[in-house]
Amino acid sequence: ARGLVLQVLPSGRKLWTVRYRYRGLQRRLVLGEYPTLSLAKARDAAEDARTAIRGGHDPAADRQAAHDVPPDRVEAL
């Protein structure tokens, strides 16, 4: 899948990420940790993210916005 990267951290953790451009900015979306997320599932998740990007959404920003809403607020419901 285009933009799919296995990132190896200094700690030894391995993360599947997808790199893409959205409105001219380089973005990165963490898909999951290897080996919990297999290569086949990482490819599927990367393709889903790329479909969302083509549809005009920024998956990394959407995920961040979901984390920014405090859980004890009405908006979270």
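Q: Which residue in S3 does Val18 stand opposite?
A: Strands of a sheet pair through backbone hydrogen bonds, either parallel or antiparallel. Here Val18 stands opposite Leu29 in S3, and 9 bridges join strand S2 (residues 14-22) to S3 in an antiparallel run. Strands are DSSP runs of E with at least two residues, helices are runs of H or I with at least four, and both are numbered from the N terminus; two strands pair if DSSP finds at least two bridges between them. This is a predicted model, in which local features need pLDDT of at least 70 and side-chain atom pairs count only at pLDDT 80 or more, while totals for chains, interfaces and linings use all residues. Residues are numbered from 1 along each chain as its sequence is written, and side-chain values use heavy atoms, with hydrogens and water left out.

Q: What is the order of the strands in the open sheet?
A: The order is S1-S2-S3, with antiparallel pairing. Strand S1 (4-8) and strand S3 (25-34) each have a single partner strand, so one side of each is left without a neighbour in the sheet.

Q: Which residues touch the most other members of the largest nonpolar core?
A: In soluble globular proteins, nonpolar side chains tend to be buried together. A nonpolar core is a set of buried Ala, Val, Leu, Ile, Met, Phe, Trp, Tyr and Cys residues joined through side-chain atoms within 4.5 Å, where buried means under 20% relative accessible area, exposed over 50% and partly exposed in between (1.4 Å probe, protein chains only). Of the 13 residues in the largest core, those touching the most other members are Leu4, Trp16, Val18, Tyr20, Leu29 and Leu31. The elements giving two or more residues to this core are S2, S3 and H1.
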